[in-house]
Amino acid sequence: MNLVYINSANGLSKAALETVTYAKKLGADVAVVTNGNAAAELLATLGAYGASTVLQDAGVDGQDPSQLVKLVAAAAAKVGASTIIFSHDLIGKAVAPRLSVRLKAGLVAGAVALPEADGSTKVNVFSGKAFGFVKVNSAVRIISLLPNSIQPEQTGGNCSTEAFDSQAGSSAITIKATKKPEGAIPLPEAELVVSAGRGLKGPENWGMVEDLAAALGAATACSRPVADIGWRPHHEHVGQTGVAIRPNLYIAAGISGAIQHLAGVNGSKVIVVINTDAEAPFFKAADYGIVGDAFEVLPRFTAAVQRFRAAQH
Amino acid sequence: MNILVCISKAPDTTSKIAFTNGNTQFDENGVQYIVNPYDEWYALVRALELKEAQGGNVTIITVGTASDDAVIRKALAIGADDAIRIDAPATDAYFVAMQIAEYAKGKGFDLILTGKETIDYNGSQVAGMIAEALELPYISIATKLDVAGSTISCEREIVGGMQEVEVQAPAVISCAKGMAEQRIPNMRGIMAARTKPLNVVAPAALEALTTFSTYSMPAAKSSVKLIDPNNLDELVALLHNEAKVI
């Protein structure tokens, strides 16, 4: 049996659907364990992605990894899990390592593909500059799946939901405040990302970045210097010391493409670079390049996307 | 307050990444090792700031061989009081975390800090594993850290935002950008680091749970297709028809 942990407290994220799809593709039956009090009808939709059963512990709010590890371990024992899947998101990064110690089960952290024929699983190493193939030496294995590595896939099917009291105890973490911008697409999950750097010259010019992002339905991001000088919030900073992302499309305007920036975005499927300097190193990593002024190109790009979208409807 | 800061060596960010021995080993030829930036800039510097404000001791710990001593001395030069090296190659995250947990058990550390990940294997595993082994609370990817008495306050990243949280010491915290600023060691620090205690400890009998069987490099990018800045409709058409991303 494959067991998938998802956090359903804020609905079903794309990352959650990816993990269920991944578990289904591994071959065995799929059980899901989740915290929070999502409606049973919502959880039942996981059947279409391959889950046969969902264990729901509404008593765990999902804020404390030391509770979540007990929840997942109890579910693993109940269903007899041989593989346990997490998303390699902020919760998975906190809980999967704890579970590895608790079950003495090897962890493949940040898988980007299904296991190979020899049982090893591909992960990014050296900040996306290379791949490694990890073999697990224990009977039970844990895999955390990097978001956007596979697409959710509906194969049809039904699943049952049952209440599950995991005896996870109380939370050791007190929440004082939560800041979550409304409606924003979380950067690591975004399929399309529009990013800009110092070439934009000031925070007041970000309107044209946001316009293009809105036309595409993309998330916005920025380079390190822009976050450091406070033009944009730190959580938008992609790169070696910021967030690492792997969207389908990454558009970079006014970013030269230093190696530290590339480390955060080189998993992108398609990269578009807009820069006035034809010698900018980013062009070497780009699929499409525009040598031009972002102040002129971005509004034209937005208009072109709007024409395309209008023609589609 | 006694703080244990876990550090790892990592190849300098500009290192050429290559593999040897039939792509089964990282090619260390010409590679300059540094203290993993997350461990140094954020975990270690914040630990030193807390010590300077409130007193106490900052110990650094790493799992590695004698060749890692240069990296340890650099961390001592930045200001740590003493260092522990568990004398074994760092085979996997589980092995490293369990060695550190074995050492830290019963030593009364109020805080155990790590960087949010290393820039070579990027697993973000060691801190969570130490926390589980020692049955401590764990705050992952914290961007702020303050301590008042036994209350630890942090700001941490959550999916799509930030959260202010509190736990009671002792706890394990993985540290990210925002927590502190890089410190360049001065000559006095470098001189002092030579004589600070670096205790080499025999490893506990433990097995790794994972191995890297092989490595590969990403396929080379084909050269960039340049688009006329006056013809963005062409770019949008290519993104739709050729790249199939919109």
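**Exercise 1.** How many of the 15 residues of α3(A) are buried?

*Conventions.* The model is predicted: local features need pLDDT of at least 70, side-chain atom pairs count only at pLDDT 80 or more, and totals for chains, interfaces and linings use all residues. Residues are numbered from 1 along each chain as its sequence is written, while chains are lettered from A and ligands numbered from 1 in the order in which they are written.

*Solution.* Begin with the terms. Helices (H or I, at least four residues) and strands (E, at least two) are DSSP runs, numbered from the N terminus. A residue is buried if 20 or more other C-beta atoms, placed from the backbone, lie within 10 Å of its own; it is exposed at 12 or fewer and partly exposed in between. By this criterion 12 of the 15 residues of α3(A) are buried, and the helix is mostly covered. Among them are Pro65(A), Leu68(A), Val72(A) and Val79(A). Helix α3 of chain A comprises residues 65-79 and reaches 21 Å from its first C-alpha to its last, close to the 21 Å expected; the expected span is 1.5 Å times one less than the number of residues. Gly80(A), with a positive phi near 65 degrees, follows α3(A).

**Exercise 2.** Locate Ser127(A), Ile141(B) and Pro170(B) in their chains.

*Solution.* Most residues other than glycine have a negative phi, and most peptide bonds are trans. Ser127(A) has a positive phi of about 50 degrees and lies in the loop between β6 (121-125) and β7 (130-136) of chain A. Ser127(A) is buried, with 26 other C-beta atoms within 10 Å. For Ile141(B), phi is positive at about 55 degrees; this residue belongs to strand β9 (residues 138-148) of chain B and is buried, with 23 other C-beta atoms within 10 Å. A cis peptide bond, with omega about -5 degrees, joins Ala169(B) and Pro170(B). Pro170(B) is in the loop between β11 (161-168) and β12 (171-175) of chain B.

**Exercise 3.** Which strands stand at the edges of the open sheet of six strands?

*Solution.* The order is β12(A)-β11(A)-β13(A)-β14(A)-β15(A)-β15(B), with parallel pairing; two strands pair if DSSP finds at least two bridges between them. At the edges stand β12 (219-222) of chain A and β15 (225-226) of chain B, each with a single partner strand, so one side of each is left without a neighbour in the sheet. Two bridges join β15 (residues 288-291) of chain A to β15(B), and Tyr288(A) has Lys225(B) as its bridge partner.

**Exercise 4.** Within what distance do the axes of α4(A) and α4(B) come?

*Solution.* The axes of helix α4 (residues 90-103) of chain A and helix α4 (residues 126-134) of chain B come within 7 Å and cross at roughly 45 degrees. Residues making the contact include Ala94(A) and Val101(A) of α4(A), and Met129(B) and Ala133(B) of α4(B).

Methods:
Axes fitted to C-alpha atoms, helices over the stretch in contact; angles between N-to-C directions. Contact = placed C-beta atoms within 7 Å.
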